[in-house]
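Please keep the model open while reading.

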Amino acid sequence: MKHKSWYLTIGGILTACMLAFTAAGLFWTPYSPTAMSAPDRNAGPSAAHPFGCDQLGRDILSRTLEGAGSTLTIALAVLAVGFVFGLLIGALCGYYGGAADALVMRLCDAIAAFPSVLLALVVLAVIGPGKYNVIGALGVLFIPSFARLVRGEFLKYRDRDFVRSARLMGVSDLRIIFVHILPNTWPTLLSGLTIGFNNAVLGEASMSYLGIGVNPTEPSLGYMLKEAQGFLFTTPWYTAFPAAIVILLILGVGLIGEGVRERMGVAS
Amino acid sequence: MPRFVKRALLLLVVLAMLPASLYGCTGGTEPTPPGASNSGSQPSAAQSGELPDGNSVTVGIAQDLSNLDPQLAATAGVREVLFNIFEGLVKASPDGSVTPAVASDYELSPDGKTYTFTLREGVTFHNGNQVTAEDVVYSLERCAGSENEGTPLVSAFSNVSVITSPDPSHVVVTLAEPSLEFIYSMTAPIIPKDSGPDIASTMVGTGPFCFVSYAPQDSLVMEKYDGYWNAEKAARLDKVTFKIITDTNALVIGLKGGTLDLVIHLPNTLENEVKDQFTVLQDTMKLVQALYLNNAVEPFNNELVRQAMYYAIDVPAIIEFVCDGAGVATGTSMYPAQSRYFLPELAEKYPHDVEKAKELLAQAGYPDGFEMSITVPSNYTQHMETAQVIIEQLKKVGITAELIPVEWESWVNDVYRGRDYQSTVCGIAADDMTAREMLVRYMSDNRKNFIGFADEEYDQVLAQALASLDEEEQTALYKRAEEILNERAASLWIQDACELVVMNPALDGFTFYCTYVLDMSAIGYK
C-alpha cells in the first residue's frame with residue numbers, strides 16, 4: 001500500500017493538538033479550576049470565559065484543561081499497568097505454552113467475560129474511590145486483553161525458522177522473547193495499544209461519571225459531564241466542551257491506530 | 001407507487017395516535033382540548049403509557065427507604081413517605097399543629113402528666129379490622145420500647161410511665177415528668193396488635209393510602225384505601241408509585257421524559273431547566289443544613305477550631321451558590337418555619353472574617369491549618385455543592401478539606417449511627433413542630449446526638465425546658481439552648497435550604513407542611 005494514509009496525518013494532527021491542550025493544562029489554567037464566582041454562575045461562553053462557567057461559577061475552560069490532564073494521566077497509567085503485565089504474561093504464556101498457559105488463559109477468559117468498567121466498579125466499591133485506586137482497578141482489568149493479544153502473536157512466531165535457529169545457537173529464552181520475537185509483533189501491539197488507550201480514557205470517564213472515579217473536588221471530564229447533565233437544556237456549553245474533548249482525544253488516537261494498521265498491512 | 005402508499009398509511013397511523021398521546025397528558029380523567037394545555041411541549045410520551053392505570057402518579061424520591069418500620073423510621077425521607085400510610089392518635093397538620101386522627105379527642109390533666117385519648121369510632125386498619133384500644137396500647141408500648149429491650153423506638157417515649165385502657169374507647173398515657181409537648185409525639189403510628197418487627201414488611205396502618213409493594217432501591221407502591229375514616233381527606237389518587245432515583249440529574253431527566261409526575265426536594269438552581277414544562281413551587285426545606293462536626297474527634301473537640309471554621313466560611317455566599325440566595329441562614333439548630341423559637345439574629349454572629357479565623361486557629365494551636373474530611377451523601381446535589389463551596393472557603397485559612405462522597409445507606413450507617421466521620425454536610429429535619437425535636441438530640445447522652453456535642457450548661461437548660469409547664473418560660477429556655485449551640489459552634493449551621501416541588505401541570509393540591517411531610521392524599525388531577 002503506497003498511497004498516502006490520511007488516517008495517520010489527521011489522527012496525528014488531532015492527537016498532537018489534544019496533547020498540547022492537555023499538556024498546557026498541567027502547567028497553566030486561566031483561572032484556578034476550583035475557584036468559584038457567584039456572579040458568573042451558568043455564564044455562557046465569553047471573552048473572559050471562552051467555554052463559559054458551570055453552576056458554581058467555575059471556569060469550564062480551566063476545569064476542562066485540568067480534567068483532560070487528569071483523564072490523560074490516568075488513562076496512560078492504566079495503559080502502562082495493563083500493557084506491561086499483559087506483555088509479560090502473554091509473552092511467557094505464548095512462548096512456553098503448557099499447563100500454566102492454559103490455566104492463565106482460562107483466568108483471563110474469566111476476567112474478560114465481565115465488562116471491565118463493571119468489574120472495576122465492584123473493585124472500587126470495596127477498596128474505595130480515588131485516583132490511584134482507579135488506576136489499579138482499571139489497569140489490572142486491562143491485563144487480559146493485552147495478554148491474549150501478545151500470546152497470539154507469540155504463538156505465531158515461536159515455531160518459525162528464525163526462532164528455531166536462534167534456539168539451536170543456544171540463545172537464551174529471554175533474549176529470544178524480547179529481542180527476536182517481540183519486535184515482529186509491534187504492528188499488532190501498536191494498534192492494540194491505541195484501542196486500549198481509548199478504552200482507558202472511556203473507562204476513566206465513565207467511572208467518574210458514575211461518581212466512583214476521582215474525587216469530585218478534582219476536575220475530571222467524566223464528573224463534569226455528570227454535573228452538566230442536569231443543565232443540558234439551559235447551559236448546553238457545560239456538556240458540550242468536556243464531551244468534545246473526550247471525543248477528539250479518542251478520535252485522534254483511534255485514527256492513528258487505523259493508520260498504523262493500514263500502513264503495516266495488519267488485518268484488524 | 002407502493003412506497004408512497006406505505007408512507008401515507010404511516011402518516012395516518014401517527015395522526016390517529018396523536019390525540020391519544022395528548023389525552024395522556026391529562027392523566028386520563030378529564031380530557032381537555034389540546035389547545036387548552038399551557039404548553040405544547042408537555043411531557044406526553046411516557047404519560048400516554050399510563051392510560052390503563054388511570055388515576056395514578058409516579059413520584060421521584062432521591063433516597064432509598066432504608067428501614068420501613070414506621071415507629072423506628074430514622075430518616076426524614078422515610079417518615080415523609082410513611083406519613084401517607086400510617087397515622088397516630090393525632091396527625092400533623094400543615095400549620096405544624098396536630099389534629100385528632102385515630103383518637104377523636106384528647107384531654108391533658110392540669111398537672112401535665114396524664115393524657116386521656118378518646119378513640120374515634122369506625123377507624124379501620126388496611127386489613128379491614130377495627131382499631132381497638134388494645135391495638136393502640138400495643139402500639140404505644142412498642143414505641144416506648146416493649147419490643148426493643150426497653151429502649152424507646154420514639155425517643156420522646158422515654159418519658160412515658162404507664163399506658164392503660166380503662167374502657168374500650170379510651171386510652172390513658174401517664175408521663176413520668178410533666179410535658180406540654182408530648183402530644184406532638186402522639187403522631188407515632190398506630191399498628192395492629194402483635195405486628196412485631198413484621199410491620200416493616202406488612203405495613204398495615206390506618207392512613208389514606210395502603211401499602212402495596214416495596215422493591216429496595218427501586219420503588220414503593222401504595223393505593224387508595226377505600227375504608228379511610230375521613231371521607232373529606234380521602235385520597236384523590238388511586239395509586240401512587242414512589243420511584244427511587246438517587247441522582248438529581250436523573251430525576252430531572254425522568255421528569256422531562258415523562259416517567260415522573262412529581263419530584264420534591266429538587267435544588268432550586270434547576271428552576272430554569274423545568275419551569276417551562278411544569279408547575280414549579282418553591283419553599284424552604286424545613287430542615288437545618290450544616291457542616292456537622294464530630295465534636296468527639298480531633299481537632300473538632302476544640303471549641304476555638306470550630307469557631308474559627310465558622311468565621312472562615314461565608315454563609316451568605318454558600319446560600320447564593322447553592323440556593324440562588326433563596327435559602328435562609330439559621331445560625332443554630334432551628335429553622336424559620338418554627339417561628340416561635342427561631343432566632344434570626346444568631347445567623348449574624350459569625351460574619352465571614354478570614355483574619356479572625358486565622359487568629360483563632362493560631363490560638364487553638366493550628367497556625368497552619370490542618371487536614372480534614374467531609375463525608376457527604378452523594379445523592380444530594382445541594383449537599384455535595386455546599387461541601388465543594390466550603391472546601392474552597394476553608395482553603396483560605398489553610399484548612400485542607402477532602403470530600404468523601406458516600407452512598408446514602410453507608411452515610412446512615414457509618415456517619416449518622418456509627419459516628420465514624422470527621423465532618424459531614426447534611427440536613428436535619430424535625431418530626432414535629434416542637435423545638436424539642438431540633439434541640440434534644442444535642443444533649444450529651446441522646447442517642448441521636450451524632451455530632452457528639454457535650455455541654456453541661458446545654459444539658460441543664462434543655463432538661464429545664466423539657467420539664468417546664470409554663471409555655472413562655474419553656475420558649476425562653478429553648479432559645480437559650482439555641483444560643484449555646486451557636487456560641488459553642490457545635491456545628492457550622494448554615495441554612496434552611498430552598499427547594500423546588502416540580503409537578504406535572506395536570507396535577508394540583510400540593511400542600512406545604514411546616515414539617516418534613518409529603519401529603520399525597522390532597523394531590524390529584526385537576
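**Notes on the two chains**

1. Contact here requires C-beta atoms, placed from the backbone, within 7 Å.

2. On conventions. This is a predicted model, in which local features need pLDDT of at least 70 and side-chain atom pairs count only at pLDDT 80 or more, while totals for chains, interfaces and linings use all residues. Residues are numbered from 1 along each chain as its sequence is written, chains are lettered from A and ligands numbered from 1 in the order in which they are written.

3. Chain A overall. Chain A has 9 helices and 0 strands. Helices (H or I, at least four residues) and strands (E, at least two) are DSSP runs, numbered from the N terminus. The C-alpha trace of chain A spans about 75 × 50 × 30 Å along its principal axes. Of its 268 residues, 45% count as buried. Among contacts in chain A with a separation of 6 or more, 72% come from residues 24 or more positions apart.

4. A helix pair in chain A. How do α2(A) and α5(A) cross? The axes of α2(A) and α5(A), the latter covering residues 131–157, come within 5 Å and cross at roughly 35°. Axes are lines fitted to C-alpha atoms, for helices over the stretch in contact, and angles run from 0 to 180 degrees between N-to-C directions. The crossing is right-handed (the near helix is turned clockwise from the far one by less than a right angle). The contact of α2(A) with α5(A) has 22 nonpolar, 5 polar and 4 charged residues. In this classing, Ala, Val, Leu, Ile, Met, Phe, Trp, Tyr, Cys and Pro are nonpolar, Asp, Glu, Lys and Arg are charged, and the others, Gly among them, are polar.

5. Chain B overall. Chain B comes to 15 helices and 21 strands. Of its 526 residues, 50% count as buried. For contacts in chain B between residues at least 6 apart, 70% join residues at least 24 apart.

6. A sheet in chain B. Four strands form an open sheet in the order β4-β5-β7-β6 (chain B), with antiparallel pairing. Pairing needs at least two DSSP bridges between the strands. β4 (103–108) and β6 (160–167) of chain B are at the edges with a single partner strand each, so one side of each lacks a neighbour in the sheet. The twist averages 20° from one strand to the next. β6(B) pairs with β7 (residues 170–175) of chain B over 5 bridges, in the antiparallel sense. B:D167 stands opposite B:H170 in β7(B).

7. Cores. The largest nonpolar core has 165 residues, of which B:A481 and B:L492 touch the most other members. A nonpolar core is a set of buried Ala, Val, Leu, Ile, Met, Phe, Trp, Tyr and Cys residues joined through C-beta atoms within 7 Å. A second, separate core of 63 residues includes A:Y95, A:A147, A:L193 and A:I250.

8. Between chains. The contact takes 14 residues from chain A and 20 residues from chain B. The chain A side has 6 nonpolar, 8 polar and no charged residues.

Note on methods:
A residue is buried if 20 or more other C-beta atoms lie within 10 Å of its own, exposed if 12 or fewer, and partly exposed in between; C-beta atoms are placed from the backbone. Two residues are in contact if their C-beta atoms, placed from the backbone, lie within 7 Å.
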